[in-house]
Amino acid sequence: FEVDLWNRVYSDMSNAVQQSKIVPNPIISPEVEALVGTSPPTIKLMSVTDILAALGAQTIDIGVCGLIMSPVRLESFDFVYPFHTPSGYISVAAKPAQQPTFVDVIMGLTNCMNPKAQLILLLLLLFVFVFGHLVGLENIISQGYVNVRDNYFEATQDGMWYAIIIMSTVGYGDVFSKGLLGRVFTVAWIFWSISLMAMLLAVITSYFLNWQMIPDSFAFHITGVDSLIDFSIVTASRPAYDSIKQHLPSVVVTRYQPNTQPDTFNDMLSGKFQVVVDRPEIIQYYYNKVPAYSGKLMPIGERFDQDGVSFGVSR
């Protein structure tokens, strides 16, 4: 069976090379044409286990066997047509940004202020206000602080500054108490403010530990072939177009001219489309061999075998 299958594969490869001489195909380079040659390479019969081991050791280049594609095997091998699904097509989406933008960070800082954090922050500000007034009042009565002005309004401002310096554990030392009552106020505020700050930082830290700074790609939420109806799709393959329309007659699919796969990928990466559908060997070629797309595409998620469609999204 595998020998007959390989002969079929080689026949398809030879036909593709001949067809590229009539209709140029960017995948069929002179190097590929030379590798295809004029006759099939010699076949060495091996067990499936030996084939996988030889592929891993790179002692053979191509293994032809009944091997089902799995996520683990996708990390080690390139699966090419004939595919294990009837349609033989997969879909890809653009890889989400790897680095968070300034807006992402600002939104994260804003969102981390949940009601609990807001309550703690409100308490801190309230006690800063109260402590500032106590400092101002005590200073008017006993002149018990250094570098606190005599006017009550100004002394209150200096007191709030003093409270913030203590709360943040900066400790400039520009304001300090020299009286017993002031020192009692200061010690009480040190323990109370540190407790509140610890709770506030714990709430914020907990949020960031569970927060994904880079938003999920929309494609991660696709759960089946029917989910494709919600996205803009493009393909440069007429059979792929027909397969999609057969499964989802109402879906809108843009079809480019044959052998214009770079245009479909470029338009997807620019945001014009969300999903590209093509044969797996096409996806694998551009993902592995073309630097402009390397690392930006990866089969992932469900491969809707029951519908005869294989599906992948971005890494």
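Is Arg238 buried, partly exposed or exposed? Arg238 counts as partly exposed, at 45% relative accessibility; here buried means under 20% relative accessible area, exposed over 50%, and partly exposed in between (1.4 Å probe, protein chains only). The model is a predicted one, in which local features need pLDDT of at least 70 and side-chain atom pairs count only at pLDDT 80 or more, while totals for chains, interfaces and linings use all residues. Residues are numbered from 1 along each chain as its sequence is written, and side-chain values use heavy atoms, with hydrogens and water left out.

**First stop: the salt bridges**

Helices (H or I, at least four residues) and strands (E, at least two) are DSSP runs, numbered from the N terminus. Asp242 is partly exposed, at 35% relative accessibility.

The search of the whole structure finds three salt bridges. Select Glu33 and Lys21 next, where the N to O distance is 3.5 Å. This pair links distant parts of the chain, with Glu33 in helix α2 (residues 30–36) and Lys21 in helix α1 (residues 2–22), 12 residues apart. Glu33 is partly exposed, with a relative accessible area of 32%, whereas Lys21 is exposed, at 52%.

Then select Arg149 and Asp158, whose closest N and O atoms are 2.9 Å apart in a salt bridge. Arg149 is partly exposed, at 36% relative accessible area, but Asp158 counts as buried, at 11%.

**Second stop: the nonpolar cores**

From Asp158, move to Val148, which touches Val135, Asn139, Ala155, Asp158 and Val175, not counting residues up to four places away in sequence; contact means heavy atoms within 4.5 Å.

Which residues touch the most other members of the largest nonpolar core? Among its 18 residues, they are Phe131, Val135, Val148, Tyr162 and Trp189. Such a core is a set of buried Ala, Val, Leu, Ile, Met, Phe, Trp, Tyr and Cys residues joined through side-chain atoms within 4.5 Å. Helices α6, α7 (152–167) and α8 (180–209) each supply at least two residues of this core, and its largest share, six residues, comes from α6. A second, separate core has 15 residues, including Ile27, Met268, Val276 and Ile283.

Select Leu126, Phe129, Val130 and Leu134, which form a nonpolar patch on the surface with about 330 Å² of accessible area together. Patches consist of residues with over 30% relative accessible area and no salt bridge, like charges being joined within 9 Å and nonpolar side chains (Val, Leu, Ile, Met, Phe, Trp, Tyr) within 5 Å. Accessible areas come from the Shrake-Rupley method with a 1.4 Å probe, and for residues only the protein chains shown count as cover. Val130 is found in helix α6 (residues 115–142) and is partly exposed, at 37% relative accessibility.

**Last stop: Ser237**

Finally, select Ser237, in the loop between β4 (233–235) and α9. Ser237 counts as buried, at 9% relative accessibility. The C-alpha atoms of Ser237 and Tyr256 are separated by 7.6 Å, although the two residues are 19 residues apart along the chain.

Technical notes
Salt bridge = Lys/Arg side-chain N within 4 Å of Asp/Glu carboxyl O.
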